[in-house]
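The briefing below is meant to be read beside the sequence and the model. It takes up the chain contact, the sheet and the domains in turn.

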Number of protein chains: 2
Amino acid sequence: MAENLQVQLARQPEGVPRATDFQVTKAARPSAGAGQFLIRNMYLSLDPYQRGAIAGRHMGHTRLNQGDVIYGRCLGEVIESKHPDYKVGEIVVSESGWQQYFVSSGSAHDEVRKVKPEAPLSAYLGALGMPGLTAWAGVEKLAQPTLGDTFVVSSAAGPVGGTAGQLAKAKGCRVVGIAGGDEKCKTVIETYGFDDCINYKAKDWAERLKAACPNGINHYFDNVGGPMLDTLLTQMALYGKVIMCGLASLYNRTSDGEFAGNNMGPVVGKRAQLLGLVVYDYYDKFPEFQKIGARLMKQGKLAIHEDRVDGLENAPTHFVKLASGLNNGKALVAIAPEKV
Amino acid sequence: MAENLQVQLARQPEGVPRATDFQVTKAARPSAGAGQFLIRNMYLSLDPYQRGAIAGRHMGHTRLNQGDVIYGRCLGEVIESKHPDYKVGEIVVSESGWQQYFVSSGSAHDEVRKVKPEAPLSAYLGALGMPGLTAWAGVEKLAQPTLGDTFVVSSAAGPVGGTAGQLAKAKGCRVVGIAGGDEKCKTVIETYGFDDCINYKAKDWAERLKAACPNGINHYFDNVGGPMLDTLLTQMALYGKVIMCGLASLYNRTSDGEFAGNNMGPVVGKRAQLLGLVVYDYYDKFPEFQKIGARLMKQGKLAIHEDRVDGLENAPTHFVKLASGLNNGKALVAIAPEKV
C-alpha cells in the first residue's frame, strides 16, 4: 500500500513547543474520488502563526487534538484529478497540513490557490506567498511610505519583514531592519540590501537604532509587539505610522494575562486604528470650531456642565479635586465673573 | 497699593497633588507699560494637563520651581492698553497663570486669543475652548464617525469627553460615555444627552459596556489610557478607530516606569497612527501582488533567503527552531522538491 507521511499533534505544547509535542506517522496514501483531485506536496511552509493555530488562538483555526494533522500550507503538484477545474501537472498552494499527499474537492476550507510559476517554486510560500502578501499590504495599503522616509521593520530576516523592507526600499525609503543576531543582520543587509540592521540582542540596541534613524522613524512595520514596541514608539517621527502586523513576543505565552509591554492583540485582530491627537495642531481652526460650537449651543445640541468654585484662593483645593477625578463637568475657578 | 492675588508652587507634588503643594500670595498689581496691555481675569480654567505641566512633563512647559505662578489659561477683560491691537473692554483668553491680573505684550508665549462672545463667557474655557477644540479635532479630523456608528468616550462628564460625545451625537451616532460615578453618569445622560453612560467603578462595567454596544465600538475617544484601554480594545468593531487623546490613568504617576496597561504616551505626543493588519483581508489581491513581486525578483530588487530542511519527518524540529526565533530567513520543509 502506498504511504502518506503525516505530522500529527502528540500533545499541546506549553510555551515554546518541543519536538516531542509532534508525532510522525504513516497513513495510507489517498486517491482522488469523484469531484476530487490529489496533490503531491513539494514544500511545506512553516510560519510563526502556526504556534497559535495549534492552540486555537489564531483566527479560523480550532484547537488541535492528539492525532490531528498539524495546520500548514503546502505547495504541490496535482497528480490525479476527477475535478473539472484542476488538471494534472498544475501547481497549487493549499491548506494541506503537514503531509505528503492531500486530497481536495477544491472547497473554500482547503484554500487551494493555483500558482503560475514565474519565480522559484518555494518563493510562493514566502516572499511571493502569504508572508509576502502581508508585507505588500502593510507597505502599499497601510504605511504608504514615500521617497526619503525612514522605514523600520522588526523580524527583518524573516519573509514578512524581509519583503516589507525590500518593497519600501524599492519605493525610495531608507530601510533599517531589526533582527535577533549578527547572522540574521548579515542576511538582512547583504542579501536583502537594507541600509542597516540592528541586532536587538545587543545591550545598546535602542541607541544604535536611534543613531541609524537620526530623523526619527516614519514607518515601523511591527512583527514583534511587547517591550520592543514600547521602545520603538519613543523613536517615531511626528505623524509616524506603526503597522501592527505580528506579535512574536506573545506567540509562546502560556496564559492570556502574560503580556509583555503593549497588549496589542486586539488591535491586530480588529484591524483597529489608534490615532494620536494633540490639540495644538488645530489651534488655527479655533475660529471655525467656535462658530460651529456656539451654533450648536444655541440649537440646544451642546450643553455644558461646570464644576465651579468662587475665589482664586480656592483654586488649589479645586485642582486637587480635579486631579483626584472627583470633579463633575468642567473644572473652573470664578475669579471675578461680574464686571467691576 | 493695588493687589494681585496669585497661586504659586510651594513644592512639587508627589502623586496626586495636595493643597499644601500650593501657596496663595499677594503681589503688587501690575500696570501696562509701553506696548503692553493689562488683563483682569474673570475665570481660571483648571485642566488635567496642568498636573504634568507643573512637573515639566507636558509639551512646551518647563518644570516649575517654588514661587513660580502655576500654569493655566484665564478668560479676562482688557482693562488698560498701550498696545495697538488690544482695546479696553475686549475679552481674551491667555496663558496668564493662576492670578487675578496679567500684563502681556501680546507675544506668542502668552497665547492671547480674542473671544467674540456668542455663548456664556466661561464656556470659552471649556466646551468652546481648548477642551472643546480637542473634542472637535478628534471627532471631525480623526474619528470622522458617520450615521449609526457607535461612539464611546471616556472621562465623559468632563469638557473634552462631554463635547466629543455631543458632537458625535449631532452627527447621528449612538453615543455611550464612560465616567467614574453615578453622579457623573447622570450629568452625561441628562445634561449632555448621551444614549447611555457606564460607571467604570461598577465591578461589571465591561459587561455593561458590551451590552450597551451590542455591535461593537466603531470609535473610542480615549481620555484615560491604561487598563481601561486594554478592555476597550477587546470590544472594538472591525476597523474601529481609537482616538488617543488623554492618559488620565498616568497623570499622577510618580515614575516613568510606572505604566498601567498600555504605554501610549508617545502615541499621543507623536500623533502616531497604529494600524492593525490582517493579511486575509487582502487575499483577493494575491494575483496583483504576485505579478509585482515576481517582476521585482527578476529586477534583482526582491531577494529571498530560506532556512530549509529536507524531509517531512524533520518538520517538528525545524518548527521548534522557528518558534524559538533561531531561523534565519523563510522557514521551509522540502518534502519532495524534485518531480518524481
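**Contact between the chains**

The contact takes in 117 residues of chain A and 118 residues of chain B, where two residues are in contact if their C-beta atoms, placed from the backbone, lie within 7 Å. The contribution to the side of chain A that touches chain B is greatest from helix α2 (residues 130–143) of chain A, which gives nine residues; helices (H or I, at least four residues) and strands (E, at least two) are DSSP runs, numbered from the N terminus. This is a predicted model, in which local features need pLDDT of at least 70 and side-chain atom pairs count only at pLDDT 80 or more, while totals for chains, interfaces and linings use all residues. Residues are numbered from 1 along each chain as its sequence is written, and chains are lettered from A and ligands numbered from 1 in the order in which they are written.

**Composition of the chain A side**
- The side of chain A that touches chain B comprises 67 nonpolar, 33 polar and 17 charged residues, with Ala, Val, Leu, Ile, Met, Phe, Trp, Tyr, Cys and Pro counted as nonpolar, Asp, Glu, Lys and Arg as charged, and the others, Gly among them, as polar.

**The sheet**
- Twelve strands form an open sheet with mixed pairing, in the order β10(A)-β9(A)-β8(A)-β11(A)-β12(A)-β13(B)-β13(A)-β12(B)-β11(B)-β8(B)-β9(B)-β10(B), two strands being paired if DSSP finds at least two bridges between them.
- At the edges stand β10 (196–199) of chain A and β10 (196–199) of chain B, each with a single partner strand, so one side of each is left without a neighbour in the sheet.
- From one strand to the next, the twist averages 15 degrees.
- Strand β13 (residues 273–276) of chain A runs parallel to strand β12 (residues 236–244) of chain B and is joined to it by four bridges, and Gln273(A) has Lys241(B) as its bridge partner in β12(B).
- Within chain A, strands β8 (residues 150–154) and β9 (residues 174–179) pair in the parallel sense over five bridges, with Arg174(A) in β9(A) as the bridge partner of Thr150(A).

**Helices on the sheet**
- Helix α5 (residues 205–212) of chain A lies across β9 and β10 of chain A and runs at about 165 degrees to β10(A), where axes are lines fitted to C-alpha atoms, for helices over the stretch in contact, and angles run from 0 to 180 degrees between N-to-C directions.

**Domains of chain A**
- Chain A is assigned domain 1 (3–125), domain 2 (130–276) and domain 3 (281–334), with bounds that come from an automatic or database domain assignment.
- The centres of domain 1 and domain 2 of chain A, taken over C-alpha atoms, are separated by 29 Å, and their contact takes nine residues from domain 1 and eight residues from domain 2.
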